[in-house]
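User: I am new to reading protein structures. Could you walk me through one?

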Amino acid sequence: MKATIAKDFHWEMGHRLPYHDGGCQNIHGHSYSMRVEISGEIDERGMVIDYFDLKAAVQPIIERLDHSFLCSESDEPMCAFFRGNPMKVNMVPFYSTAENIALYILQEITPSISVYPNVEVLTVRLHETKRTFAEVSVEMKKYRG
């Protein structure tokens, strides 16, 4: 039998979209929330995956992002600022849109989740606000080859 489980996570983080014509070009932050869903076969223990194992896979990236600034490596004014003002910053090779952040987190946690052979689909739904989210998924059989 198949089932889907989910666990919610929350953190605070700043960012900006330097190319944006609206307010998002300015430095600002969000109270991010994220739901990680895992679908697959229920194993002999009666689980798709243990919630503790799911948290262990996701929590390190949440701790890395929490109360940090997510900065695109191409955002030279911000990169220069952070070189002169050491703060908690995560430099990434992409613009910090909700879609890209969700994909980044998915890619970070997929290796840890892939060790569970009964897991079939891993989904990350990232809420930037209460009313907006981006969602990305990976079929684990494609990841495992």
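Analyst: Helices here are DSSP runs of H or I, at least four residues, and strands are runs of E, at least two, numbered from the N terminus. This is a predicted model: local features need pLDDT of at least 70, side-chain atom pairs count only at pLDDT 80 or more, and totals for chains, interfaces and linings use all residues. Residues are numbered from 1 along each chain as its sequence is written, and side-chain values use heavy atoms, leaving out hydrogens and water.

User: How far apart are the end C-alpha atoms of α1, and what span should its 15 residues have?

Analyst: The expected span is 1.5 Å times one less than the number of residues. For α1, residues 51–65, that gives 21 Å, and the end C-alpha atoms are 21 Å apart, so the two agree.

User: Which residues of α1 are buried?

Analyst: Buried means under 20% relative accessible area, with a 1.4 Å probe and protein chains only; exposed is over 50%, and partly exposed is in between. An α-helix has 3.6 residues a turn, so residues three or four places apart point the same way. In α1 the buried ones are Leu 54, Ala 57, Val 58, Ile 61, Ile 62 and Leu 65. Their cover includes β1 (2–15) and α3 (98–113).

User: What polar contacts does the side chain of His 15 make?

Analyst: A polar contact is a pair of N or O atoms within 3.5 Å; within protein, one must be able to donate a hydrogen and the other to accept it, and residues adjacent in sequence count only if both atoms are side-chain atoms. The His 15 side chain pairs with the side chain of His 30 at 3.2 Å and with that of Ser 96 at 2.8 Å. His 15 lies in strand β1 and counts as buried because its relative accessibility is 1%.

Definitions and conventions
Contact means heavy atoms within 4.5 Å.
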